[in-house]
Amino acid sequence: MATYANNTNKLSLAMPTTYQHWCEDIQTDILVQVGQSKFPLHKIMLVAKSNYIKRLILESEEHDFGMLDLSNVPGGADIFDKLARFCYGVKVDITVNNVAALHCAAKYLEMTEECCEHNLVSHTHGFLTQVALTSLTGAITVLNSCEGLLPVAQQVNIVNQCVEAVSVKACEEADSPSLSPPNWWAEELTNLNITFFQKIITSMKPHNPNPLTIASAIQIYAKRSLPDIKSLISNNSLTSKHKQKEILNSIVALLPAETQIQQASFPINFLCSLLRLANFLQNNYDCKKKLEKLISPCLEHVTVDDLLILCDVESVRRMVIRFMEREKNKLVMVRVAKTVDAYLHEISKDAGLSILQFNGIASLVPKNVREVDDDLYGAIDIYLQSLQRINMGSAHQ
């Protein structure tokens with residue numbers, strides 16, 4: 001019978017007393033190998049619960065089928081040990097941490113109702129639907145445990161069940177938080193890998209959450225999963241950088257289209273920090289292009305510091321060109337022009353800035369938009385002095 005313990009998220013399976021021990025007085029007749037582990041067991045106990053094992057034995061051409069390799073069973077030796085105990089009627093605890101592995105393994109071994117009543121699949125399925133997936137934290141824990149069970153966990157539909165449960169619960173918590181702080185649900189999502197996080201955000205959208213809900217989840221996940229530039233410089237591992245590039249690409253793919261960005265209310269400094277990281281990691285062009293498109297319409301809210309942290313003159317040039325081509329409000333254009341001139345003033349101090357790059361930024365602002373040329377002339381003067389110092393230094397060498 002199954003006894004639920006909701007307060008501990010555990011289901012204890014206790015079978016009839018006839019099967020309460022491992023038939024120690026009867027000699028074993030089959031050796032099951034799972035990886036490096038070997039289990040001396042009894043065929044009669046296994047075939048009573050597993051149609052898969054029963055079929056292997058019946059279809060075997062060996063007269064004395066005494067060895068069975070189940071190294072491919074999901075969850076490995078630890079999970080098979082629990083399945084074997086279940087076959088012998090020994091108590092097995094189903095928890096949020098092991099239910100996915102138990103369910104996958106039970107499905108793999110065909111421990112279904114077709115084999116016998118109250119078989120393991122019915123218990124794991126019941127625990128999933130009645131206990132584990134009824135809470136956000138439980139569903140996230142189960143989903144996390146599926147990472148090492150792919151693709152089986154996907155094939156038996158546990159991943160989809162978890163994703164749907166998490167997305168529904170997250171939307172409910174965003175509308176009416178049951179705990180504090182109110183965004184605790186978004187913090188919980190940071191425990192997931194980027195692939196599962198993507199699935200959940202995508203699954204949340206059909207439930208029509210407030211755009212701020214999605215934006216909040218993405219920002220919190222990005223801040224937890226993406227390092228700052230200093231950390232990346234200190235950790236010069238190519239593997240680490242490749243992983244961060246993949247995470248960043250996935251996060252940017254979740255961002256709304258250019259026409260929806262203001263409704264979603266992503267802070268401009270957040271978008272600029274993503275673009276800076278994309279430039280540093282040398283992400284693909286599509287990733288950087290999307291971020292530039294999202295930032296460009298919001299340039300009136302960008303500060304000089306936001307532009308400077310990008311460390312990429314070409315990115316700034318492309319965004320300003322796009323903005324000037326589309327913006328019709330002259331007052332807004334004037335504000336952006338002042339920011340561009342202030343940016344030019346700062347980068348003119350960079351000895352590594354080429355004349356082509358300097359001219360590329362200086363010529364971005366249309367003449368009818370720049371009210372005064374003082375800032376432009378000041379930047380030109382600083383840049384010429386920088387060039388002069390470089391030339392003098394070269395002459396002394």
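Is Glu-314 buried, partly exposed or exposed? I looked this up and found Glu-314 partly exposed, with a relative accessible area of 28%, where buried means under 20% relative accessible area, exposed means over 50%, and partly exposed lies in between, with a 1.4 Å probe and protein chains only.

**Basis of the entries.** I note that this is a predicted model, in which local features need pLDDT of at least 70 and side-chain atom pairs count only at pLDDT 80 or more, while totals for chains, interfaces and linings use all residues. Residues are numbered from 1 along each chain as its sequence is written, and side-chain values use heavy atoms, with hydrogens and water left out.

**Overview.** I recorded 21 helices and six strands for the chain; helices (H or I, at least four residues) and strands (E, at least two) are DSSP runs, numbered from the N terminus. Of the 397 residues of the chain, 46% count as buried. Taking contact to mean heavy atoms within 4.5 Å, I find that residues 24 or more positions apart account for 69% of the contacts with a separation of 6 or more.

**Salt bridges.** Side chains of opposite charge can pair when their charged atoms come close. With a salt bridge taken as a side-chain nitrogen of Lys or Arg within 4 Å of a carboxyl oxygen of Asp or Glu, I count seven in the structure.

I went back to Glu-314, which forms one of these bridges with Arg-317, the closest N and O atoms being 3.0 Å apart. Both residues lie in helix α18 (residues 313–326), three residues apart, about one turn of the helix. Arg-317 counts as partly exposed because its relative accessibility is 25%.

Next I looked up Glu-110, which forms a salt bridge with Arg-55, with 2.7 Å between the closest N and O atoms. This pair links distant parts of the chain, since Glu-110 sits in the loop between α4 (99–108) and α5 (120–130) and Arg-55 in helix α2 (residues 51–59), 55 residues apart. Glu-110 counts as partly exposed at 24% relative accessibility, and Arg-55 counts as partly exposed at 33%.

I then turned to Arg-335, whose salt bridge with Glu-300 has its closest N and O atoms 2.9 Å apart. Arg-335 belongs to helix α19 (residues 330–347) and Glu-300 to the loop between α16 (285–295) and α17 (304–308), so the pair ties together parts that are 35 residues apart in sequence. Arg-335 is partly exposed at 42% relative accessibility, and Glu-300 is partly exposed with a relative accessible area of 29%.

**Sheet.** In what order do the three strands of the open sheet lie? I read the order as β4-β3-β5, with mixed pairing, two strands being paired if DSSP finds at least two bridges between them. The edge strands are β4 (37–41) and β5 (67–69), each of which pairs on one side only. Neighbouring strands of this sheet are turned by 20 degrees against each other on average, direction ignored; the axes are lines fitted to C-alpha atoms, for helices over the stretch in contact, and angles run from 0 to 180 degrees between N-to-C directions.

Strand β3 (residues 30–34) runs antiparallel to β4, and five bridges join the two. Gln-33 stands opposite Lys-38 in β4. I also noted helix α3 (residues 76–87), which lies across β3 and β4 and runs at about 15 degrees to β4.

**Core.** A nonpolar core is a set of buried Ala, Val, Leu, Ile, Met, Phe, Trp, Tyr and Cys residues joined through side-chain atoms within 4.5 Å. Which members of the largest one, with its 128 residues, touch the most other members? I found Val-32 and Phe-80. Leaving aside neighbours within four places in sequence, Phe-80 is in contact with residues including Val-32, Val-34, Phe-39 and Leu-41.

His-103 lies in helix α4 and counts as buried because its relative accessibility is 2%. Not counting residues up to four places away in sequence, His-103 touches Val-121, Thr-124, His-125, Leu-128, Val-156 and Ile-158.

With a disulfide taken as a pair of cysteine sulfur atoms within 2.5 Å, I find zero disulfides in the structure. Cys-104 is in no disulfide, and the nearest cysteine sulfur, that of Cys-146, is 6.2 Å away; Cys-104 is buried, with a relative accessible area of 0%. Cys-162 is in no disulfide either, the nearest cysteine sulfur being that of Cys-146 at 4.9 Å, and Cys-162 counts as buried at 0% relative accessibility.
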